[in-house]
Amino acid sequence: MKYASCRGSVRDQTFEDVLFSGYASDGGMFVPESIPQLSREAIESWSKLPYKEIVKNIISLFVSEEELPKDHLNGLVEKALSRFEHPQIVSVAALKDGLNILELFHGVTAAFKDLGISVLAQLLEHYLNKRQQHVTIVVVTSGDTGSAALEAMRGLKWVDIICCLPRGRTSRIQELQMTTVIEDNVHVYRVDGTSDDIDKHVRPLFTDKEFAQTHRLMSVNSVNWVRIMVQIAHYFHAYYQMCGDCNDEVNIIVPTGGCGNITAGYIAQMMGLPIKLTSTTNHNDVVHNLLQRGDFLLTDIKPSIAPAMDIGNPYNFQRIFYYLSGKNGELVKELLEKFESGEKVQIPDDLFKKLKLLISSQAVDDDQIKLAMKKCFHENSYLLCPHTATAVSCFYDNHDRYKKRTICIATASPVKFREAVLAAGLVPMETDAIKQLSCLATKFIDLEATDDCNAILRSKIVKLSTSN
């Protein structure tokens with residue numbers, strides 16, 4: 001399996017190449033040059049497998065045994081998923097009136113990002129031990145990615161990790177999960193602005209090919225293909241939980257921010273999995289407008305009670321455009337460069353028609369999020385996080401459409417979002433681990449909007465690189 005940038009200028013990359021990458025030098029993201037196709041018989045043969053085995057099978061389709069022998073792969077996945085509190089790792093809550101919740105939040109930081117990043121960290125350590133080489137990871141987070149990345153990478157011998165979070169725009173728990181990680185290889189910056197604002201400072205670090213290669217930069221955001229690859233397993237597992245005999249389609253409703261999760265679902269569709277996808281956003285509805293009207297316009301972020309979805313640049317969508325356009329990297333480059341410059345883009349009609357057939361959407365505002373949280377709790381004694389509530393709100397609003405074989409993806413535990421739970425008029429949950437966070441020492445640096453963030457990060461990266 002080889003990989004290419006979805007903007008067309010970089011090709012013939014190995015899995016190891018893309019593991020150690022962020023954005024490609026042409027500004028694109030890496031994708032497999034071909035998507036494995038599974039027969040119905042092959043899909044049925046996985047139906048009784050536990051989640052871990054599905055992850056192993058998915059990875060083996062995208063990484064050759066020459067690059068990663070099967071026994072090494074099995075050991076890495078086993079170790080990566082050994083710290084999840086639920087014995088099945090991923091579980092399903094079957095609630096009233098056909099509402100099903102795929103719980104992806106049983107990892108250490110209580111968010112679905114733990115699944116992909118835990119596997120990525122083990123793959124990274126495996127290859128770095130072979131290389132005997134230091135890397136610097138740069139992470140931009142709207143909330144959950146940062147804490148999952150820091151937890152997975154803390155104390156690793158060959159890694160320094162820089163995490164940039166939008167100050168005041170995450171939940172208090174999310175911020176504490178990052179600022180209380182005080183290992184020497186962890187460097188946290190609280191930046192004035194949105195995660196999209198921060199990304200504008202960070203992306204040039206990766207597109208500066210000489211700088212990125214010299215200082216061995218890499219990303220563990222969903223820019224990194226490994227994150228998408230592991231998330232494909234969520235959709236197979238969800239399908240089998242809802243349709244064990246594999247004889248029908250399953251509707252999967254996906255809370256959407258940077259579009260990594262919905263991209264993984266789209267690739268699962270391409271592989272032959274019979275699922276229908278619905279993307280839900282909060283009131284930052286760039287993706288909803290794209291899927292409803294074909295309009296693609298970079299917009300200012302309005303803070304919501306679902307902060308991890310406060311994203312105006314759904315950067316993973318370029319991967320979907322690449323495959324929908326027949327791997328037309330030039331078209332993807334043209335569309336995305338216009339979009340990123342602030343120009344309103346109208347998706348070509350043939351591309352939009354294909355997109356509409358594959359993914360539907362709904363935007364959900366704060367009031368609707370709170371209503372869904374209240375309804376779900378009152379009917380089921382089941383507390384939702386505000387992001388998951390966007391999917392559940394869509395389910396409630398379209399019950400006739402979704403009454404058969406439908407599952408909503410739960411991206412995080414409600415314990416991380418005390419503010420949103422209180423706003424919904426409900427009583428927050430607390431675990432011992434969450435209670436202890438406020439008692440721990442913190443370590444971070446504040447950057448202001450007036451600071452030259454790109455220059456400050458460059459200087460830090462050079463210092464880390466030259467000292468290792």
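This is a predicted model: local features need pLDDT of at least 70, side-chain atom pairs count only at pLDDT 80 or more; totals for chains, interfaces and linings use all residues.

Trainee: Which residues is Asn261 in contact with, leaving aside its neighbours within four places in sequence?

Mentor: Contact here means heavy atoms within 4.5 Å. With the sequence neighbours within four places set aside, the partners of Asn261 are Phe112, Gln231, His234, Tyr235, Val254, Ile409 and Thr411.

Trainee: Which element gives the most to the lining of the largest cavity?

Mentor: The lining has 36 residues, and Lys113, Ser142, Gly258, Ile311 and Tyr315 lie nearest the centre. Elements giving two or more residues to this lining are strand E5 (135-140), helix H6 (144-153), helix H8 (195-207), H10, strand E9 (250-255) and helix H11 (260-271). By class, the lining has 15 nonpolar, 16 polar and five charged residues. The most, five residues, comes from H8.

Trainee: And which residues line the second largest cavity?

Mentor: The second largest cavity has a volume of about 60 Å³. Its lining divides into four nonpolar, three polar and two charged residues. By name, the lining residues are Ser142, Pro166, Arg169, Thr194, Ser195, Ile301, Pro303, Pro307 and Asp310.

Trainee: Let's turn to the open spaces. Which helix gives the most to the lining of the largest pocket?

Mentor: About 540 Å³ of space lies in the largest pocket. Its lining has 23 residues, with Val108, Thr109, Gln177, Ala433 and Ile434 nearest the centre; by class there are twelve nonpolar, eight polar and three charged. Four lining residues, the most from any element, come from helix H20 (residues 432-437).

Trainee: Where does the largest share of the lining of the second largest pocket come from?

Mentor: This pocket holds about 430 Å³ of space. Its lining has 19 residues, and Asp17, Phe20, Ser21, Ala212 and Gln213 lie nearest the centre. Nine of the lining residues are nonpolar, six polar and four charged. The largest share, three residues, comes from helix H9 (residues 209-214).

Trainee: Now for the packing. Which residues have the most contacts inside the largest nonpolar core?

Mentor: That core has 136 residues. Helix H10 (residues 225-242) gives the most to this core, with 13 residues. Apart from it lies another core of 34 residues, including Ala93, Leu95, Ala111 and Ile253. Inside the largest core, the residues with the most contacts are Met153 and Phe236.

Trainee: How far apart in space are Ser393 and Ile369, C-alpha to C-alpha?

Mentor: Ser393 is part of helix H17 (residues 386-397), and at 4% relative accessibility Ser393 counts as buried. Not counting residues up to four places away in sequence, Ser393 touches Gln362, Val364, Gln368 and Ala372. Ser393 and Ile369 are 24 residues apart in sequence, and their C-alpha distance is 6.6 Å.

Trainee: Stepping back, why is the chain said to be as compact as a globular protein of that length?

Mentor: The chain has 21 helices and 15 strands. For 468 residues the globule rule gives 23 Å, and the chain is as compact as a globular protein of that length because its radius of gyration is close to this, at 21 Å.

Trainee: Last one: what percentage of the residues of the chain count as buried?

Mentor: The C-alpha trace spans about 60 × 50 × 50 Å along its principal axes. Among contacts between residues at least 6 apart in sequence, 77% join residues at least 24 apart. Of the 468 residues, the share that counts as buried is 62%.

Methods
Residues are numbered from 1 along each chain as its sequence is written. Side-chain values use heavy atoms; hydrogens and water are left out. On a 1 Å grid over the protein atoms alone, a cavity is a set of points where a 1.4 Å probe fits but cannot get out, and a pocket is an open set with protein on both sides within 12 Å along at least five of seven lines; lining residues have an atom within 4 Å of a point. Grid points are joined across faces, edges and corners, and a volume is the space filled by probe spheres set on the points. Ala, Val, Leu, Ile, Met, Phe, Trp, Tyr, Cys and Pro count as nonpolar, Asp, Glu, Lys and Arg as charged, and the others, Gly among them, as polar. A nonpolar core is a set of buried Ala, Val, Leu, Ile, Met, Phe, Trp, Tyr and Cys residues joined through side-chain atoms within 4.5 Å. Buried means under 20% relative accessible area, exposed over 50%, partly exposed in between (1.4 Å probe, protein chains only). The radius of gyration is taken over C-alpha atoms; the globule rule is 2.2 Å times the number of residues to the power 0.38.
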